[in-house]
Amino acid sequence: MSPAAPPLEARMAELTGRHVPFVKATVVRARRPASARPGDTALVLADGRVEGFVGGACAEATVRVQALRTLRSGESLLLRISPEETADGTGEPVVEEGAVSVANPCLSGGELEIFLEPLRPVPRVVVLGESPIARALAAFGPVLGYEITEAAGADGITPEELAGSQALVIASHGRGEEPVLVSAVRAGVPYIGLVASPRRGAAVLDALPLGAEDRARIHTPAGLWIGARTPGEIAVSILAEVIHAVRGRSVEVEVEVEAPPETPESPATGSVTAVDPVCGMTVSVGDGTPYSDEGGDERRWFCCAGCRAAYEKDPARYAKADAS
């Protein structure tokens, strides 16, 4: 019997199997007295959760911010964290090709280099129907590296398939279309395509128990206009439209996260950040991010509980620093 996989490896396998995007963060270099060591690893999920260890609370806050950015771009990155000011002296991250250097004043005097590897799921496309176009989609999809799930009928599409799918294409020529279209819209499937003539497609949409905004999410006739005529050509046009929909959107919006109080949008987008008024670090606002309502009407966010405690001892001091 083989030994059990390390917890993070098992977790990575689970997330990959569920088509959940995440970033693998691995410490590749550490200069003491940093608490992390080369080989330490953590996973950063699209909602900002960090599982594993790549340093203390301050280092983790920096890793979270940069990891969410790599998850949006899909490009790996070497993150350098140092307590010293960056070379340009502005305090802002210094971006190079394939690397970014961040000054982290909370760091205990050491330095860290952490490789951030975004692992985004293989796009899954559910195809309903047994028509020649459906068969062509099933044949061409794997060439693009897409996972094609063939569903022979409406009963063959489960809520789990829709929830984890980036696209649904219905090419069943009128069989079982309406309930699947409604389910796909309500499940938030990013791309929904209906193979039909303009006239029939419009009639199908008009009959759906959906609002105008939801009906507008359904592409019919499915596919980009390239003059396609044969089933294979139409399948290519549909896959081109799927590529545009899947690659032209941020992967993070596939994960629904309840936003913390008084934040303008969900941290799953990776765009909600705040500056710690004590140490000046940029932190990603999410569930579990320390905050304080002391010292005024505006909520303040912190990299760690220590900075929050320092702020709450003398909020006026940091309010003056903000104003200067």
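A residue counts as buried when its relative accessible area is under 20%. The model described here is predicted, and by that cut-off Cys-58 is buried, because its relative accessible area is 11%.

- Seven strands form an open sheet with mixed pairing, and their order across it is E3-E2-E1-E7-E4-E6-E5.
- Strand E3 (50-52) and strand E5 (94-96) stand at the edges with a single partner strand each, so one side of each is left without a neighbour in the sheet.
- From one strand to the next, the twist averages 25 degrees.

**A helix on the sheet**
- Helix H1, which covers residues 7-17, packs on the sheet and touches strand E1 (22-31), strand E2 (41-45), E3 and E7, while its direction makes about 25 degrees with that of E2.

**Strands E4 and E7**
- Strand E4 (residues 77-82) and strand E7 (residues 111-119) run antiparallel and are joined by five bridges.
- Leu-77 has Leu-116 in E7 as its bridge partner.
- Ser-82 lies in strand E4, and this residue counts as buried because its relative accessibility is 14%, against a cut-off of under 20%.
- The side chain of Ser-82 also makes a polar contact, at 3.3 Å, with the side chain of Glu-111.

**Cysteines**
- Cys-307, like Cys-58, is buried, with a relative accessible area of 7% for Cys-307 and 11% for Cys-58.
- A disulfide is a covalent bond between the sulfur atoms of two cysteines.
- A search of the whole structure finds zero disulfides.

Terms used
Residues are numbered from 1 along each chain as its sequence is written. This is a predicted model: local features need pLDDT of at least 70, side-chain atom pairs count only at pLDDT 80 or more; totals for chains, interfaces and linings use all residues. Side-chain values use heavy atoms; hydrogens and water are left out. Two strands pair if DSSP finds at least two bridges between them. Helices (H or I, at least four residues) and strands (E, at least two) are DSSP runs, numbered from the N terminus. Axes are lines fitted to C-alpha atoms, for helices over the stretch in contact, and angles run from 0 to 180 degrees between N-to-C directions. Contact means heavy atoms within 4.5 Å. A disulfide is a pair of cysteine sulfur atoms within 2.5 Å. Buried means under 20% relative accessible area, exposed over 50%, partly exposed in between (1.4 Å probe, protein chains only). A polar contact is a pair of N or O atoms within 3.5 Å; within protein, one must be able to donate a hydrogen and the other to accept it, and residues adjacent in sequence count only if both atoms are side-chain atoms.
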